[in-house]
Amino acid sequence: MLLVLSRSAHLRTAVSNFPTLDTDRLLLREIVAEDAPALFTILSNAEAMCWLGTDPLSDLKQAARMVETFSGWRKMPNPGTRWGIQRKGANELIGSCGLFKWNRDWKNCVIGFELAQPARGVGYMREAASAMLAWGFENMELHRVQAQVHPENAASITLLRALGFIQEGHLREAGFWLGRHHDLLQFALLRHDYISFLSKH
């Protein structure tokens with residue numbers, strides 16, 4: 001059964017065969033080498049990175065290696081995809097979002113995202129994630145999308161619930177970054193829940 005992309009999202013295929021997505025206000029596209037400075041600005045912010053499960057980047061070379069890592073996901077047997085998010089009419093990334101750790105046999109994967117602080121609070125990530133999920137359920141034949149989030153990351157928890165995710169559990173000290181262990185909340189969105197959620201919105 002094919003799922004229809006949300007009315008505001010339209011699938012386009014780039015020359016590189018990367019699944020570029022359009023929404024009303026955003027372009028979700030491949031992250032390329034020229035994006036390393038913008039990526040570094042986002043991922044070197046210690047305050048923002050306190051929730052993201054990894055230490056802040058400390059130099060531009062790390063950002064460049066991260067671009068190569070994201071590109072490498074597409075070449076794996078069970079490929080993941082990380083989209084760069086930019087406003088239409090602008091060139092600089094304001095964040096990224098991705099579907100990764102894809103288990104084809106189990107039909108599940110993990111969602112991740114981050115947004116530059118100046119771009120928060122106007123619904124950009126909900127718009128981007130909605131388009132990404134629509135693409136994932138249709139093209140990856142997913143049954144389940146999982147997310148793990150820090151209990152104090154209120155913005156991400158609010159977003160996941162707004163997208164239809166349901167909290168399933170509390171994982172004690174499941175993550176380790178910034179020199180300490182962190183609890184994580186487990187969320188998931190099932191295919192039939194997603195279809196039901198779409199019908200109500």
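This report walks through a few local features of a predicted model, starting with its aromatic rings.

## Rings that pair up

Three aromatic pairs are counted in this model. Take Trp-83 and Trp-135 to begin with: their ring centres are 5.4 Å apart and their planes meet at 80°, so the pair is edge-to-face, since planes over 60 degrees apart fall in that class. What parts of the chain does this pair link? Trp-83 is in strand β4, which covers residues 81-87, while Trp-135 is in helix α4, which covers residues 124-139. These are distant parts of the chain, and the two residues are 52 residues apart. Both Trp-83 and Trp-135 are buried.

Now look at Phe-137 and Tyr-194. Here the ring centres are 4.4 Å apart and the planes are at 20°, so this pair counts as stacked, the class for planes under 30 degrees apart. Phe-137 lies in helix α4 and Tyr-194 in helix α6 (residues 191-199), so the pair ties together parts that are 57 residues apart in sequence. Phe-137 and Tyr-194 are both buried. One aromatic cluster is made up of Phe-18, Trp-83 and Trp-135.

How many cavities of 30 Å³ or more does the model have? The count is one. Rolling a probe the size of a water molecule over the atoms shows where empty space is left. The largest cavity holds about 40 Å³ of space.

You can find this cavity in the structure by its lining: Phe-18, Glu-30, Ile-31, Phe-70, Ser-71, Arg-74 and Arg-82. Sorted by class, the lining has three nonpolar residues, one polar residue and three charged residues.

## Arg-82 and its neighbours

Arg-82, one of the residues lining the largest cavity, sits in strand β4. Is Arg-82 buried or exposed? Its relative accessibility is 9%, and Arg-82 therefore counts as buried, because the cut-off for that is under 20%.

The side chain of Arg-82 takes part in polar contacts. One of them, at 3.0 Å, joins it to the side chain of Ser-96. Another, at 2.5 Å, joins it to the side chain of Glu-114.

Most residues other than glycine have a negative phi, and most peptide bonds are trans. Lys-101 has a positive phi, near 50°, and it lies in strand β5 (residues 93-103). Lys-101 has a relative accessible area of 64%, so it is exposed.

Lys-107 also has a positive phi, near 60°. Where is Lys-107 found? Lys-107 lies in the loop between β5 and β6. With a relative accessible area of 42%, Lys-107 is therefore partly exposed.

Gly-123 is in the loop between β6 (108-115) and α4. Its relative accessibility is 38%, so Gly-123 counts as partly exposed.

How far apart in space are Gly-123 and Leu-159? The distance from C-alpha to C-alpha is 9.1 Å, although Gly-123 and Leu-159 are 36 residues apart in sequence.

Terms used. Residues numbered from 1 in each chain as written. Predicted model: local features only at pLDDT ≥ 70, side-chain atom pairs only at ≥ 80, totals over all residues. Heavy atoms only, no water. 1 Å grid on protein atoms, 1.4 Å probe; cavity = no way out; pocket = protein on both sides within 12 Å on 5 of 7 lines; lining within 4 Å. Points joined across faces, edges and corners; volume = space filled by probe spheres on them. Nonpolar A, V, L, I, M, F, W, Y, C, P; charged D, E, K, R; others polar. Phe/Tyr/Trp six-rings, centres within 6.5 Å; stacked < 30°, edge-to-face > 60°. Helix = DSSP H or I, 4+ residues; strand = E, 2+ residues; numbered from the N terminus. Buried < 20%, exposed > 50% of the residue type's maximum accessible area, 1.4 Å probe, protein only. Polar contact = N/O pair within 3.5 Å; in protein donor to acceptor, adjacent residues only side chain to side chain.
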